[in-house]
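I opened this notebook to record what I looked up, one topic to an entry. The sequence and the structure come before the entries.

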Amino acid sequence: MSNTPEEVEFELRAHVGSLWTGGRLFIGIYTFLIASLAFSYFYLRSSNNSDLWRPNHVTAPTAYGWSIYGMMMGAGILAYFGQTRLRKGQVADWFVACWTGVGLGVVALFLQIWELVVLNFYPGSSGYASTFVGFVVFNIISLTLGTYWLETCVARAHRMGFEMGEGAVLANTSAGRSFRANVASMTYFWGFLGLSGTMFLLMFYVL
Amino acid sequence: MTISAERPTEVATHSASPYSSKKPRGWFSQHLGTALLAAIIGYLIGHWLGNHIAWNYPTTAATGQNYVANFLALLFGVVGWLLGIGALNYPLAKLVGRSGEHEPEEADGISKYFRYSTNHKTVGIQYIVGVLLFLFTAGLLAMAIRTELLNPTTHVFSPDTYIKIVSEHGTIMMMMATSIIVGPLGNYFVPLMIGSRRMAFPRIEAFSFWTFTAGYMVIFSALPYGGFPTGWTGYAPLQTQAGPGMISYLFGFAVIGLGMMTAGFNVAVTIVNYRAPGMTWSRVPVFVWGILATAALMTLATPALFAAGTFGLLDLVNQTAFYVNEHGGSSYLWQNLFWFFGHPEVYIMAIPGFGVVGELLPVFCRKPLFGYKVSAAGMIGVALLSFFVWQHHIFQSGINPDMRPLFMLTTEMISIPTGFIFLVGLGTMYKSKMRFEIPMLFSLALYFNFLIGGLTGVFISDVPVNVTLHGSFFVLSHFHYTIMGGLVFAFMAGLYYWLPKMTGKMMNKKIGLWHFWTMFIFFNLTFFPMFIIGMLGQPRRVFTYAKSLQGLNDFSSISAYILGFSFIIFAWNLMYSMYIKPEMAPANPWDSLGLEWQTATPVPRHNFDRIPVITNDPYHYAEPGATPLVDRGQSSSSSGYQA
Amino acid sequence: MKNGEVNHLRRMGTWWAIASIVLDVVYWFAVGPHITPGRLTEMAKNNQMDFNILFLVALPVLLGVWIFMGYAFVHWSEKRGAPEPVGGPAGAENHRTNVLWISITSIAVLAAAVFGTWALIVDHGSGGGEGPNPVWIPDGASSVQATALAGTAKWAPGTNAPLPVQVIGQQWRFTYRYPTFGNFETPDLVLPANTTVVFDVTSLDVIHSFWAYQLSVKADANPGVNNVAYTETRGTGNFVVRCNELCGIWHGSMFDFGKVVSQGDFMNWAQKTEAANAANTKLLPAFAYTYTPDANGAAGGFYPDGGVTPYSPVETYGAKQPVS
């Protein structure tokens, strides 16, 4: 298989483009998933079958909700902030931001799982309760995916540092370019999680 | 045109990580056997865990079933399967920062087909086996259904068994049909047709295949679990009432959904990014347009199914009430979520068929494709519109009546882009020079069948007429005409056309003719009477019917047996042509201008020695002075064997 | 346009025109009057007419494609010595053909949609279930619903009053309640001729579907939902009722036979049945649109969680209808 510099560059560009396209398409897929949940919430709310949509305006433990939300937003903001610093060449800042983000993500994940244990209503006791449990499941998936993606980015950066020397993540090598494209898509996904997280916070904990 | 380069500071480095591993070989590497073993272990662990958690739940005592155990068993089984085949190696390696730059090497010989492979061509062939597995299983179930319907009063199966068979047949066929062309032919040929050496995400592609097979096992597990009584449509509250087989259905859909999303994701990103230089959008082959349109649906519509299935599982396992009216849920919620997926789903099954025949027709008409842009626009238009028609499946269910004219309009409108396919087909046939090879015969059969299927769809989309036809055998015949008469025939066309490229061997023509004519004639004889049966009042999924309809039912059943036999002829042809008496294929047996035919046979590991530079689209038949497809100065040589 | 080109299309066009006209006429007069679902009710007649009109349009489309393809196989086959095709832009594009095709298909499709909508409105929903809040209501039908619920509905022959009939689906049979006759419930469906019938379809358990074939009525029976469908009977006759939505193992045997009889006969039957069933009727719940138990009903309390779960304070028997 021939590997002229032009061909290598072409395939690298295709690869970097794929990370960009793939990241956006993944957000698209996720949007439809989230939208299905949001649809269910509003549908059951407007149906109010048996007057059991949200009796007594039952609400899930708001302390948990806000903490999880805060941590998720924190991780997202840190990822975004970290990427800004990375683009300016401040790799150390990026590491700190992202590891903190990973930590926040992991704690948020555990809190979210634990919330199911301390729920103040039975899962099937109302439409709100059902959609809330569905939301928790999706949130667990989101937090897992987001934190995983964040963690693998930092891990990759560390390994690149060990194997290819300091500044490998900033270099114009194929590994560097691929890495930065991946980080960009990851940050975008966290932005999306922030947006959808805000929407669900309003739906389940605020309104 | 050359590929300009901003020269990188170095040629690609590959980190010397052990993940970029040696060739897998031997019994103690990862392969189908380890996958099966790990799946069984996972299943047992999950079952144990479920029992440990839920043995004292009131629902366990009350129903005698432990849904938590059933679900966790299936979940851990699937995870075990994926772990065992090696699909999760890289995701786990990434946690410690290992790079994915270096693809694992492929195993030698036939064992590569039993392993996790990042070679899209291997995955394509694996998908053929997977798809045929689904097809034959569900086909046997269909034979059982027709046997039951031979007589309205003498029953072969108990009503419980019968409904289990009907449900399983429908579900397995629908799951198979989602991937029957995208899986084998899409994965194998899209990179070749766009001049790429690889897929964008080969690991995700392989993951999609092994998830697909896991889905088969999950949905098949419904049978030993006692089946599920809801048909493939899974309506609540019957779903909530059902036994443990329902979990297999719901979770099976979630797993297959994951396979669909990942397969569609990979192929869509590949088409967008990996087109060879010079391959502008107006030079992309029609088959690739079809796969792109399908991939858009696979990625964006399937999440609704995933959500619907998750909510159903939550209802059964966690006692939520998504679909239970009496507890604040709604049975309409399932209907809406399911059909929001369900309608794009059937276009996932129609569009690849259009892509295949659009690709094949110019080759066998020796004429350019008529209306290339119209063809692409038609497929994209169908895909887009398919999101806006779903309530035509539930016109009489008690939905807001004001919605009905709206959905009638959108459904009628979708027949406009669907009609483009016929415009393109007929235009290509006009004043052509047709060669009636077997792929051409199957393609022409698609036009014949889909015409009937599509037109009957217009009848059903009309709300007043829908009042009579909904839920009857008329609808059943409509969708068998479109899905089986369209997609499955297109699959056969594609197989007969492309197997010489995939394997270097021709499919036997004589047996192929027997296969085609038996399948075509008896397909029509099986399903055409069903329009009449439906109009005369026989609903779907019933084991008894008016005595006066027995003649038609018997005619249909006997024809169905022979139709089933035609698949045996097909299997025989496959065996004969591939193993028993293979006949070597010439490099380009159909004289096609397509780029995939310009690779060597067998197709080298990285497809093209040099990335081709595209200078034209592949439809310039009957145009002696046309610009060639590929810039000869740059491309690989096309004949002979290459390492 | 060259001579040869006009010849092909003209030839095909001629055959097509002749075949379409002949077959359409034969269809309309010989087959059409017998097409599903018959002519027992106004809805049935109109739906039959709709089907026939659609068929009249579909048949020429079918014939057009078939004739074209058959012609192509004969004249443009390599084996039969077809001339070399014309390639290049001339063979690959024809703007006029595209425009013509797209225009004709678009017009046909939009006309079908408009026609369908008109038929739906004019026919008061064409016998399909319209949900709990129907929009195209025959005269007097909405007031009769209100009186049925209040228990004051009356029906008598010759008054042109609509007749409300409740269809209750359960696993695995249909039963029918007549609110104008003391709310008796019977497994027999008998209807008077020349009457607007208002069906209130509901279910006690899973989703069924009330399909009265010759009446041309199809309405899903959903638990907790009232699905309203209308039909206007004309002559007398028998009809078949089948469950049309998979509802469990005995779905296949969930069918019934009903009949439309003269108004006088119906009145006799109804009064007789009302009297005969009086003792049973006293034990039934009051007429309501839906009858499903909820978190408050059936042996009190599903969740043994010490009263943490809030229960609905409102009884759902006859309560507000869910919006779908």
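**Entry 1: a helix of chain A.** I began with the buried residues of α2(A), which are Gly65(A), Ile68(A), Tyr69(A), Met71(A), Met72(A), Ala75(A), Gly76(A), Leu78(A), Ala79(A), Gly82(A), Gln83(A) and Leu86(A). I note here that the model is a predicted one. An α-helix has 3.6 residues a turn, so residues three or four places apart point the same way. I then looked up what covers the buried residues of α2(A), and found that the cover includes α3 (91-115), α4 (127-164) and α5 (174-206) of chain A.

I also checked the length of the helix. Helix α2 of chain A runs over residues 62-87, and its 26 residues should span 38 Å at 1.5 Å a residue; the end C-alpha atoms are 37 Å apart, so the two values agree. After α2(A) I found Gly89(A), with a positive phi near 95°.

**Entry 2: chain A as a whole.** How many helices and strands are there in chain A? I counted 5 helices and 0 strands, and the pattern along the sequence reads α-α-α-α-α. The C-alpha trace of chain A spans about 70 × 35 × 25 Å along its principal axes. Of its 207 residues, 51% count as buried. For contacts in chain A with a separation of 6 or more, I noted that 78% are between residues 24 or more positions apart.

**Entry 3: chain B as a whole.** I found 19 helices and 2 strands in chain B. Its C-alpha trace spans about 75 × 60 × 50 Å along the principal axes. Of the 643 residues of chain B, 67% count as buried. Among the contacts in chain B with a separation of 6 or more, 82% come from residues 24 or more positions apart.

**Entry 4: the contact of chains B and C.** I looked up which residues take part, and found 78 from chain B and 82 from chain C. On the side of chain B that touches chain C, at least two residues each come from α6 (159-179), α9 (238-241), α12 (331-365), α13 (372-385), α14 (403-429), α15 (438-461) and α16 (463-469) of chain B. Which helix gives the most to this side of chain B? It is α14(B), with 14 residues. By class, I recorded 43 nonpolar, 22 polar and 13 charged residues on the side of chain B that touches chain C.

Conventions
Residues numbered from 1 in each chain as written. Chains lettered and ligands numbered in written order. Predicted model: local features only at pLDDT ≥ 70, side-chain atom pairs only at ≥ 80, totals over all residues. Helix = DSSP H or I, 4+ residues; strand = E, 2+ residues; numbered from the N terminus. Buried ≥ 20, exposed ≤ 12 C-beta atoms within 10 Å, placed from the backbone. Contact = placed C-beta atoms within 7 Å. Nonpolar A, V, L, I, M, F, W, Y, C, P; charged D, E, K, R; others polar. Expected span 1.5 Å × (residues − 1).
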